[in-house]
Amino acid sequence: MGRTLQNTMINLGLQNACDEAVYQLGLDMEELEEIEEDAGLGNGGLGRLAACFLDSMATLGLAAYGYGIRYEYGIFNQKIRDGWQVEEADDWLRHGNPWEKARPEYMLPVHFYGRVEHSASGAKWIDTQVVLALPYDTPVPGYMNNTVNTMRLWSARAPNDFNLRDFNVGDYIQAVLDRNLAENISRVLYPNDNFFEGKELRLKQEYFVVAATLQDIIRRFKASKFGSTDSVRTVFDSFPDQVAIQLNDTHPAMAIPELMRIFVDIEKLPWDKAWDITKRTFAYTNHTVLPEALERWPVDLVEKLLPRHLQIIYEINQRHLDHIASLFPNDVDRLRRMSLIEEGDTKRINMAHLCIVGSHAVNGVAKIHSEIVKTQVFEDFAALEPEKFQNKTNGITPRRWLLLCNPGLAELIAEKIGEDYVRDLSQLTKLHEFVDDDLFIREVAKVKQENKVKFALYLEKEYKVKINPSSMFDVHVKRIHEYKRQLMNCLHIITMYNRIRRDPSKLFVPRTVIIGGKAAPGYHMAKMIIKLINAVAQVVNNDPMVGSKLKVIFLENYRVSLAEKVIPATDLSEQISTAGTEASGTGNMKFMLNGALTIGTMDGANVEMAEEAGEENLFIFGMRVEDVTELDRKGYNAQLYYDRLPELKQAVDQIKSGFFSPKDPNLFNDVVNMLFYHDRFKVFADYEAYVKCQEKVSELYLNSKAWTKMVIRNIAAAGKFSSDRTIKEYARDIWHVEPSDLKIPPPNEPRDAGQDKTPNGTAA
C-alpha cells in the first residue's frame, strides 16, 4: 500500500488546505510525509496491483472490501553492505499506525489440525486448535466522491484459555509464553516473489485469511435483507448475486473448499447446490506462468493441518474427473493432466487446478498472458470450457502514479485538457493535438528536467555520488529475478564502459543507469546479480576515463515511496523480460504515464503499450514468444552467441576473470556458469538486439525535441492502463455490478432517502 497521508489528502481534495495549514504552523508538509513508514504488506506487482484496485473500486463507487493479513513485519528492509544485500526486519508498526482501527467486536475463530468424525448427520471437524482472527480496518477513500471503502486485515490472537484448557497441569508460565505460537501466524510476510515455498506456516497464513474472511462475508450476508431465513436455516440461493469473491492468484485457493465446508457441514446444504453456489461466487486471476511459482501443496501437510478440507478437495476432484471421463472415455493421460492431485514421490494438490474448477471465470492479466494461459498452461481446461477464460489487462491508479508523484506533469496536462482525465484517463488522447505545439513540448521537457534535478539531489544526499542531471536516466526497478534479466542490463553497462575506454574521444550520450529491487533472501542467483551490479558500479564510477559519461547506481530498499520519487525522473524504462515470462508488469505503465520512453521485449503489457502508442514510439527489440518457442525446440546454445559477438565475449570474460572482483576472481563463477549452461531466460540470445536498440535510444536522446514528442505520444496513449478501466471490466464481465459515478453527498448535507450507492449491487 505504501504511504497513506498524501493519497488521502488528494482523494479528499484537501491537499492544498492541509499544505497551507501545516505551513502556518511553521512545518513543512513534505518533511512530515517523509516520516510515514510504507505499509509493505506484499512482495511486488501482485500486492501493488491489489492496492491500485482498492483505489479504483472506491473511486468507481463499488461496495468492495480488500481482505488480507496484518503482518507485524512486512517485506524486509534491504541494506546494501559491501555490495551484498542484507535483510533487516521491517518493524513498520513500531510507532503505531494511525490509519487502522482494531475491531475486536468482529473477532472470529479459525480452526487448525484436529480430525473428522462422520455420522448420519454429516461430517464434523473436531479436536481442533483455535486461533482468533482480530480485524483491523483501514479506510480506502475514493477520488473526490465522498465514498470510503474498507481494507480489513486480520491479525492472529491466541484465545485466553490457549494451552490452559487441556491436560496442562500447572505450567502456567509456559502456557502463556506459548501463546506466541498461535500469534506467529500473522508475524511475518514470506518474501518470495514468483516462487512457491511449501512451508506449514505459509499454509496456515493462507487458510487463516480465507477462513476469517469467509465467516465475515457470511455474517454480513445473513445480516442483510437477502439472507432470509427459512424457519431456521438461511436461504443461500441469492448468495452469488450478492457476493463476488476474486482470488488474487492461488494464495487464497483454500477459500473454495472452506466455503464448501461451511455450506455442506454447517449450513447442511446438499453438495450439488453448495457447489453451484460456490462456483458462481468465485473467480480466479492467474498472475504467473513460471512453473516454480505455481502452488503445489503436499497432501500430507494439508491432511495434518486441514483434514476436512482434504476430504472435500478429494470429493471435488472425484466429481471433476468423473465428468472428464464421461466426455473423454479411456483418455487416462488427460485425467492425469487435469487432476487436482498430482501423483509422484510426494502427492501434491495443484492449487491452480482447484481454482479453475471452483470458479466461474478465470483471467490472465494482459492479452499475451491470457493467450498463453489458454493455449499452453491450462489448455485442457480451456478446451473444456473456453467461455470461462478471459483477459483483464492490468492497470495502475492515476491518483498515486500521476497526481501524487508527479504534480508538475499532472498540472501541465490539466492546463491543456482539463482536470476530468484523472477519473477518465482515456481523455489523455486529447494530448495528441499538442504533439507539435512547441511551447507544450518545452514545458513537458522542463517538468522532466525539474524531476531529474530533484531526484539527482536525493541520490547525492543518499549515495554521495555526483549525478549529471542532463544525462539520460536509464532505470530498471522491479524485483530481482533471472526472468526479468537485470543481467542483460548489466552486460550492456559493461559494454558501454568498454566502448568509452576503447575510444574516449568518441561522442557518447551520457547515462545514469539506476537499478533497484529486492531479491528473495533464499534466492542465491538473485543475490549474486545484486553483488555483480554493485561490483560493476564500483569499477565504472571510479574510472577517471569514464568521468560523468556513465554512472551506475544500485537503489537500496526499492519500495512504493521510492518508486514515487524515481519514476517521474526517468527517461528510459527497462522492461526486458524474456518474451512469455512477465504476465503483465505494471511498472511499465507507471513509467509510460510519467513521460519515460520504454525499451522492452514483446512481453506482458508491453505488447498493448506498443499497440496503443504505435510500435514506432517504443524501443521494441528481441525474440517474440514464437522465437523463444522455436529456440527451445532447436536447443539454446549460449556458446554460439559468445563465440559470434566480440563485445559479449569481452564483457563475459571480464566477469569471469575477476576484472570486477579482483580480490576474489572466482566470485561470479556461478553467474557465468548459469549464463552458459542453464540460462532458462536466454540472456545471450537477446544481447545483440538489445545493444543495437540501446544505440537507437542514445541517438534519439541527442535530439531533445524528437525525444519529447515521442514522450507526449506515449503519455497520450497511456489512458488504457488506468486501473479504473481494468476494474470496470471486472465489474461488467465477472462480478456483474454497475460502477456508479454518483457523488455521495458529504456528511454535512442532508441525504436523499432514495439515494443508494449500489441500487442492486453485488459486494465484491
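Author: Gladly. This is a predicted model. Start with helix α9, residues 255-266. Its twelve residues should span 16 Å at 1.5 Å a residue. The end C-alpha atoms lie 15 Å apart, which agrees.

Reader: What makes α9 largely enclosed by the rest of the structure?

Author: Count its buried residues. Eleven of the twelve are buried, so the rest of the structure largely encloses α9. Among them are A255, P257, L259, R261 and F263. Just after α9, K268 takes a positive phi of about 60°.

Reader: Why does E267 count as buried?

Author: Buried means under 20% relative accessible area. E267 has 8%, so it counts as buried. This residue sits in the loop between α9 and α10. Leaving aside neighbours within four places in sequence, E267 is in contact with K222, R233, F236 and I262.

Reader: What about K590: buried or exposed?

Author: Buried. K590 has 7% relative accessibility, and the cut-off is under 20%. It is found in helix α23, residues 587-593. Not counting residues up to four places away in sequence, K590 touches R48, I396, W401 and I567.

Reader: What does UniProt list for K590?

Author: An unreviewed UniProt entry lists K590 under "modified residue: N6-(pyridoxal phosphate)lysine". That comes from the record.

Reader: How do you know that E100 and R70 form a salt bridge?

Author: Check the distance. A side-chain nitrogen of Lys or Arg must be within 4 Å of a carboxyl oxygen of Asp or Glu. For E100 and R70, the closest N and O atoms are 2.8 Å apart, so the pair qualifies. The pair links distant parts of the chain, 30 residues apart. E100 is in the loop between β3 and β4, and R70 is in the loop between β1 and β2. E100 is buried, at 17% relative accessible area. R70 is buried too, at 11%.

Reader: How many salt bridges does this rule give?

Author: The count comes to 67.

Reader: Why are R219 and D216 separated by about one helical turn?

Author: They are three residues apart in helix α7, residues 200-223. An α-helix has 3.6 residues a turn, so residues three or four places apart point the same way. R219 and D216 also form a salt bridge, with the closest N and O atoms 3.0 Å apart.

Reader: Which label does each of the two get, buried or partly exposed?

Author: R219 has 30% relative accessibility, so it counts as partly exposed. D216 has 0%, so it is buried.

Reader: What makes D653 and K656 a salt bridge?

Author: Their N to O distance is 3.9 Å, and the limit is 4 Å, so the pair qualifies. D653 and K656 are three residues apart in helix α27, about one helical turn. D653 has 22% relative accessibility, so it counts as partly exposed. K656 has 36%, so it is partly exposed as well. Elsewhere, salt bridges that share partners join R103, E105, D137, R152, D216, R219 and R220 into one network.

Reader: Which residues make the nonpolar surface patch?

Author: L164, Y172, I173, V176 and L177 make it. The patch covers about 470 Å². Y172 lies in helix α5, residues 172-177.

Terms used
Residues are numbered from 1 along each chain as its sequence is written. This is a predicted model: local features need pLDDT of at least 70, side-chain atom pairs count only at pLDDT 80 or more; totals for chains, interfaces and linings use all residues. Side-chain values use heavy atoms; hydrogens and water are left out. Patches are made of residues with over 30% relative accessible area and no salt bridge: like charges are joined within 9 Å, nonpolar side chains (Val, Leu, Ile, Met, Phe, Trp, Tyr) within 5 Å. Accessible areas come from the Shrake-Rupley method with a 1.4 Å probe; for residues, only the protein chains shown count as cover. Helices (H or I, at least four residues) and strands (E, at least two) are DSSP runs, numbered from the N terminus. The expected span of a helix is 1.5 Å times one less than its number of residues. Buried means under 20% relative accessible area, exposed over 50%, partly exposed in between (1.4 Å probe, protein chains only). UniProt positions are given in the numbering used here, feature names are shortened, and annotations may be inferred rather than shown by experiment. Contact means heavy atoms within 4.5 Å.
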